[in-house]
Amino acid sequence: MTMTMMQPLLIFCVIFFCEIAAQRSWIVWMRQRHVSQVQKAYGTHIDEEVKANVPSMGGVVFLLIGSGLLISQMIQGHRSGVVFWSYPILAAMVGLADDMLKFKNKSSEGLRSMQKFILQAATTLLWFLLLGLDGTIPSLWGGWSIGHWIWPVALFFAVGIQNSVNVTDGLDGLAAGASAITFAALYLLSPDSGYYGTAAGAAISLGFLWHNCHPAQVFMGDVGAHFLAGLMASCAFMGTGVLVLVPVGMGFGLEMLSVVIQLIAIHGWGKRVFRMSPIHHHFQLLGWPEDRIVVRFWMIHALCPLFCAAFAYCLLHFLLV
């Protein structure tokens, strides 16, 4: 095994065990202060009493690990590395503001949708400025450039992936496991982003899953979901290209699409397409056990990149024939 292959493996192992240990300390600290997640009044009400006692904001540990990696890049003078880790941290700060507002108001509602969107867009535009100063202009895919038109496309995908990961985080282990799968796919499809980024993302996700698998001992909160989404965006935008988020993030996109469809149906026709959105709650209300839903959704997240790759291969073969 070459040194190049050893580095991401070493990074993965170190961050994985650090995440497990730090998350355990966070759980103990939050329990001592009786801080737990406020359940949504319009939720499924399934296992509500149990989940109401589970500590949240486990994503603060992600933020601490990401900040440590950012500082290490500063010390080493790696300008691109500093830019790389800036976005997951900026994105996590939006999620942290949302979480803190929920706890302050003792409510399941934090930032309003428009407030969150404005903050997401503002932090993304700030990161785009850092990318430009670093001399990095994201490609659409594999070096295919569309010039400055890439920025509105990138903004759409960056904000979209944040909200998609956030709505997916609704069942024990669902978002964490799906994120680990996504980082594994990014590792294969976007090597230009630096293996350490995808290795770190997979390690953080799996380390958190150690405590977040059913029955969960901690929830990641908006801060964690935004951090993971920001890291996915960094890997894509500074790697193969913006559109790599389509195959690797399609599972998250389906969750977000179910929310959009439900809102359009309710406000447009006064009817529901699903019993509840995002769609994983629909299956919950159908009586599916939580762990069955989670595992099957993990399978969907893993299969989406494979289906996209097969479709792209068939399309390319058809065009060349």
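Is Phe252 buried or exposed? Phe252 is buried, with a relative accessible area of 0%; buried means under 20% relative accessible area, exposed over 50%, and partly exposed in between, with a 1.4 Å probe and protein chains only.

Before the next selection, some conventions apply. This is a predicted model, in which local features need pLDDT of at least 70 and side-chain atom pairs count only at pLDDT 80 or more, while totals for chains, interfaces and linings use all residues. Residues are numbered from 1 along each chain as its sequence is written, and side-chain values use heavy atoms, with hydrogens and water left out.

**Stop 1**

Select helix α11 (residues 250-269), where Phe252 lies. Helices are DSSP runs (H or I, at least four residues), numbered from the N terminus. Now display the contacts of Phe252, contact meaning heavy atoms within 4.5 Å. Leaving out residues up to four places away in sequence, Phe252 touches Ile161, Ser164, Val165, Thr168, Ala175, Ala178, Ser179, Thr182, Met232 and His301.

Next select Thr182, in helix α7 (residues 174-189). Thr182 counts as buried, at 2% relative accessibility. Beyond four places in sequence, Thr182 touches Met232, Val248, Phe252 and His301.

Continue to His301 in helix α13 (residues 290-320). His301 is buried too, its relative accessible area being 2%. Apart from neighbours within four places in sequence, His301 is in contact with Ala178, Ile181, Thr182, Gly251 and Phe252. A C-alpha distance of 13 Å separates His301 from Ser164, which is 137 residues away along the chain.

**Stop 2: the nonpolar cores**

A nonpolar core is a set of buried Ala, Val, Leu, Ile, Met, Phe, Trp, Tyr and Cys residues joined through side-chain atoms within 4.5 Å. Select Trp127, Phe183, Met220, Phe227, Leu228, Met232 and Phe237, the residues with the most contacts inside the largest core, which has 64 residues. Helix α9 (residues 221-237) supplies the largest share of this core, 11 residues. Then centre on Phe237: not counting residues up to four places away in sequence, Phe237 touches Trp127, Phe128, Pro138, Ala154, Phe157, Ala158, Val242 and Leu245. Another core of 8 residues lies apart from the largest one, and includes Leu171, Leu174, Phe274 and Val294.

**Stop 3: His226 in α9**

Remain on helix α9 and select His226. His226 is buried, with a relative accessible area of 0%. Its contacts, neighbours within four places in sequence aside, are Ala91, Ala92, Val94, Gly95, Lys116, Gln120, Gln162 and Asn166.

**Stop 4: two helix pairs**

Two packed helices are described by the angle between their axes and the distance between the axes. Select α3 (residues 59-76) together with α4 (residues 79-105): they pack at an angle of about 155 degrees, with their axes 9 Å apart. Here axes are lines fitted to C-alpha atoms, for helices over the stretch in contact, and angles run from 0 to 180 degrees between N-to-C directions. α3 and α4 are therefore roughly antiparallel to each other, a term for angles over 145 degrees. The contact of α3 with α4 has 11 nonpolar, 5 polar and no charged residues; Ala, Val, Leu, Ile, Met, Phe, Trp, Tyr, Cys and Pro count as nonpolar, Asp, Glu, Lys and Arg as charged, and the others, Gly among them, as polar.

**Stop 5: backbone details in the loops**

Select Pro215, in the loop between α8 (195-212) and α9. The peptide bond from His214 to Pro215 is cis, with omega near -5 degrees. Move to Pro278, in the loop between α11 and α12 (279-285). The bond from Ser277 to Pro278 is also a cis peptide bond, with omega near 0 degrees.

Finish at Met57, in the loop between α2 (48-51) and α3. Phi of Met57 is near 60 degrees, a positive value in a residue other than glycine. Met57 counts as buried, at 6% relative accessibility.

Definitions and conventions. Helices (H or I, at least four residues) and strands (E, at least two) are DSSP runs, numbered from the N terminus. Angles under 35 degrees count as roughly parallel, over 145 as roughly antiparallel, 65 to 115 as roughly perpendicular and the rest as oblique.
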